[in-house]
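I'd like to walk you through one structure, so let me put it up.

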Amino acid sequence: MALWSGYRSAIVKGSDGFYYAKDLRQKIRAIVNHATLTAFMPDGSVLNFGSENDSNVTEQNTEGKVFAWYLTSAQDQVGHKAEYIWQKFQVNARAYLTEINYGGLQSDFQYKIALNYTTTGRSFVDFSATKLVANQKLSTLKVQAKDGADFVERYHYNFSYSDELETPGFYLT
């Protein structure tokens, strides 16, 4: 099952080796590897999910099959690229988005968004693929812009929460 541009569809392998939406409603083709999925979109953009080098960006079930690939990069036909960096804060934990780099061409990023997390007072278990601990909540968001060779902070936000409820959801205050 894959989510293509807002709808879910089973994907099947075509005779050319690419994967396609089973109902062929979307003209998207994908290359699926164990740790990666690369989707070629109708507008010429390319989306990369997962990574051969970083197991933090995939979630595997107990049989070793990939349950979810996290978006690691997106590039349009001109060469504008965004990069998404994920991190697990402990073994058997969910991966959290920690950085987004974007703007400019190829890997010459002009902007950076840093997402920092803090440990919650209580851990929650996510059974989506296997038993994964979810025990982080967003603490700060920082936006930086390139100034010469360095990045300079342009925006900073500290999150605060009302932790009265013992649920995986936290209310911003």
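Quick housekeeping before that. This is a predicted model, so local features need pLDDT of at least 70 and side-chain atom pairs count only at pLDDT 80 or more, while totals for chains, interfaces and linings use all residues. Residues are numbered from 1 along each chain as its sequence is written, and side-chain values use heavy atoms, with hydrogens and water left out.

Let's start with the strands. When I say strand, I mean a DSSP run of E at least two residues long, numbered from the N terminus. And two strands pair if DSSP finds at least two bridges between them. Look at β10 and β11: they run antiparallel and are joined by three bridges. Q75 stands opposite K81 in β11. The hairpin of these two strands has five residues between them, and G79 there takes a positive phi near 120°.

Now, is β12 mostly covered or mostly open? Covered: of the eight residues in 95–102, six are buried. Buried here is under 20% relative accessible area, exposed is over 50%, and partly exposed is in between, using a 1.4 Å probe and protein chains only.

That brings me to the cores. A nonpolar core is a set of buried Ala, Val, Leu, Ile, Met, Phe, Trp, Tyr and Cys residues joined through side-chain atoms within 4.5 Å. Which residues make up the largest one? There are nine: Y70, W86, A95, L97, I100, I113, L115, L138 and V143. Strands β12, β13 and β14 are the elements that each give two or more residues to it, and β12 has the largest share, with three. Another core lies apart from this one; it has six residues, including I28, A30, L37 and F49.

On to the rings. Rings of Phe, Tyr and Trp (the six-membered ring for Trp) pair if their centres lie within 6.5 Å; planes under 30 degrees apart are stacked, over 60 edge-to-face, and the rest tilted. How many such pairs does a search of the whole structure find? It finds five.

One of them is F18 with F40, edge-to-face, at 6.2 Å centre to centre and 85° between the planes. F18 sits in the loop between β3 and β4 and F40 in strand β6, so this pair ties together parts that are 22 residues apart in sequence. F18 is buried at 18%, while F40 is partly exposed at 25%.

Another is Y70 with W86, which is stacked: 4.6 Å between centres, 20° between planes. Y70 is in the loop between β9 and β10 and W86 is in β11, so here the parts tied together are 16 residues apart in sequence. Y70 has a relative accessible area of 10%, and W86 comes in at 17%, so that residue counts as buried too.

Some rings also have a charge over them. That means NZ of Lys or CZ of Arg within 6 Å of the ring centre and within 35 degrees of the ring normal. R29 lies over the face of F40, 4.9 Å from the ring centre, and the charged end of K112 sits over F151 at 4.5 Å.

Back to the loop between β3 and β4, where D16 lies. Its polar contacts are N or O pairs within 3.5 Å; within protein, one atom must be able to donate a hydrogen and the other to accept it, and residues adjacent in sequence count only if both atoms are side-chain atoms. The D16 side chain reaches the backbone nitrogen of F18 at 3.1 Å and the side chain of Y20 at 2.5 Å. D16 is partly exposed, at 46%.

Last stop, salt bridges: a side-chain nitrogen of Lys or Arg within 4 Å of a carboxyl oxygen of Asp or Glu. The whole structure gives one. D108 and K146 meet in a salt bridge at 2.8 Å, N to O. D108 is in the loop between β12 and β13 and K146 is in strand β14, so the pair ties together parts 38 residues apart in sequence. Q106 is in the loop between β12 and β13 as well, and has a positive phi near 50° despite not being a glycine.

That's my tour, thanks.

Methods: Helix = DSSP H or I, 4+ residues; strand = E, 2+ residues; numbered from the N terminus.
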